[in-house]
Amino acid sequence: MKQTLIPAGRRLLFGGCCFTMNGTSKFIFVGKDRMNRTIPRIGAGIVTAAVFLFAVCLIADFPFGAYFVCMLLPIGYLMLAAGLHYESDESRRVAANTGMAFAVVYAVLIFLVYFAQTTSVRLGGLNEQAQSILDFQRGGLMFNYDLLGYGMMALSTFFLGLSVRGDSREDRWMRALLVIHGLFFFSCFIMPMTGAFAGLSDGRASSGGAAALVAWCAYFLPVGVLAYRHFGREN
């Protein structure tokens with residue numbers, strides 16, 4: 001195949017790929033930017049599935065399943081967040097950076113909380129004092145860390161939502177849902193300080209709390225679906 005030299009910085013498109021010549025007069029093969037959209041699309045799929053399964057586990061009163069699914073959610077969310085961060089404009093890069101940073105904090109807190117529930121707490125061997133601190137259903141330290149983690153997630157969605165351009169109707173809906181979700185930060189951050197969950201210390205689950213979590217799932221599920229469709233579209 002005949003190759004044509006082109007000035008530095010110019011691109012020659014061929015078969016869905018491009019050949020770019022750098023300053024040293026060497027040709028560099030650059031493939032389509034598929035991976036940067038495929039990975040966050042997979043993440044959006046994980047988020048959608050995790051939120052749906054979390055709601056199912058709540059309704060079926062299956063705590064271990066809910067805890068396990070909650071460890072899958074941050075994996076998918078980090079992949080989704082990284083995709084939104086990558087495609088953000090320079091004018092929105094600070095918002096995207098901030099949202100990505102809060103996403104990492106959220107993931108760390110959630111992994112600590114639910115890994116403890118599925119290991120140390122579930123396998124037993126803890127004394128009463130340790131149980132009251134680590135057991136999520138007792139409303140202790142781990143429960144408060146969980147709320148703090150989802151508060152960080154709310155801040156993450158708020159700033160990532162600000163970074164979304166909103167070129168289509170679906171993207172504008174996704175941006176609105178992400179930004180509005182940021183309001184959850186205040187309840188997640190403030191309510192543990194008020195002692196509102198002190199009644200959980202006896203280990204009895206609250207039906208009202210489960211209903212609130214199912215409502216949250218109904219709110220956040222469209223975010224995963226819209227993000228999945230967003231990353232499935234070509235630029």
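**Entry 1: salt bridges**

I began with Arg165 and Asp89, whose side chains meet in a salt bridge at 3.3 Å, N to O. The pair links distant parts of the chain, 76 residues apart. Arg165 sits in the loop between H5 and helix H6 (169-181), and Asp89 sits in the loop between H2 and H3. This is a predicted model. Arg165 is partly exposed at 34% relative accessibility. Asp89 is also partly exposed, with a relative accessible area of 30%.

I then took Glu87 and Arg37. Their side chains form a salt bridge at 3.4 Å, N to O. Glu87 belongs to the loop between H2 and H3, while Arg37 belongs to helix H1 (residues 35-59). They are 50 residues apart, so I noted this as another link between distant parts of the chain. Buried or exposed, Glu87 and Arg37? Both are buried.

Arg93 and Glu90 gave a further salt bridge, 3.3 Å from N to O. Arg93 is partly exposed at 24% relative accessibility. Glu90 is exposed, with a relative accessible area of 63%.

I also found a network of salt bridges that links Glu170, Asp171, Arg229 and Arg233. How many salt bridges does a search of the whole structure find? I logged eight.

**Entry 2: aromatic rings**

I counted 15 aromatic pairs. For Phe102 and Phe159, I noted ring centres 6.1 Å apart and planes at 20 degrees. The pair counts as stacked because the angle is under the 30 degrees cut-off. Phe102 lies in helix H3 (residues 93-123) and Phe159 in helix H5 (residues 141-163). The pair therefore ties together parts that are 57 residues apart in sequence. Phe102 is partly exposed at 23% relative accessibility, and Phe159 is partly exposed at 22%.

Phe136 and Phe143 form a tilted pair. I have 5.1 Å centre to centre and 55 degrees between the planes. Phe136 is buried at 14% relative accessible area. Phe143 is buried at 10%.

Which residues form one aromatic cluster? I listed Tyr77, Tyr106, Tyr150, Trp216 and Phe220.

Arg41 lies over the face of Tyr228, 4.0 Å from the ring centre.

**Entry 3: nonpolar surface**

I looked up a nonpolar surface patch of about 500 Å². Its residues are Phe62, Phe64, Phe68, Leu72, Ile75 and Phe111. Which helix gives the most to the nonpolar patch? Helix H2 (residues 63-86) does, with four residues. Phe64 is found in helix H2. Phe64 is partly exposed, with a relative accessible area of 34%.

**Entry 4: cysteines**

How many disulfides does the structure hold? I recorded zero. The cut-off is 2.5 Å between the sulfur atoms. Cys217 is in no disulfide either. Its nearest cysteine sulfur, again that of Cys70, is 8.1 Å away.

Cys57 counts as buried because its relative accessibility, 11%, is under the 20% limit. Cys217 counts as buried too, at 3% relative accessibility.

How values were computed
Residues are numbered from 1 along each chain as its sequence is written. This is a predicted model: local features need pLDDT of at least 70, side-chain atom pairs count only at pLDDT 80 or more; totals for chains, interfaces and linings use all residues. Side-chain values use heavy atoms; hydrogens and water are left out. Buried means under 20% relative accessible area, exposed over 50%, partly exposed in between (1.4 Å probe, protein chains only). Rings of Phe, Tyr and Trp (its six-membered ring) pair if their centres lie within 6.5 Å; planes under 30 degrees apart count as stacked, over 60 as edge-to-face and the rest as tilted. Helices (H or I, at least four residues) and strands (E, at least two) are DSSP runs, numbered from the N terminus. A charge sits over a ring if NZ of Lys or CZ of Arg is within 6 Å of the ring centre and within 35 degrees of the ring normal. Patches are made of residues with over 30% relative accessible area and no salt bridge: like charges are joined within 9 Å, nonpolar side chains (Val, Leu, Ile, Met, Phe, Trp, Tyr) within 5 Å. Accessible areas come from the Shrake-Rupley method with a 1.4 Å probe; for residues, only the protein chains shown count as cover. A salt bridge is a side-chain nitrogen of Lys or Arg within 4 Å of a carboxyl oxygen of Asp or Glu.
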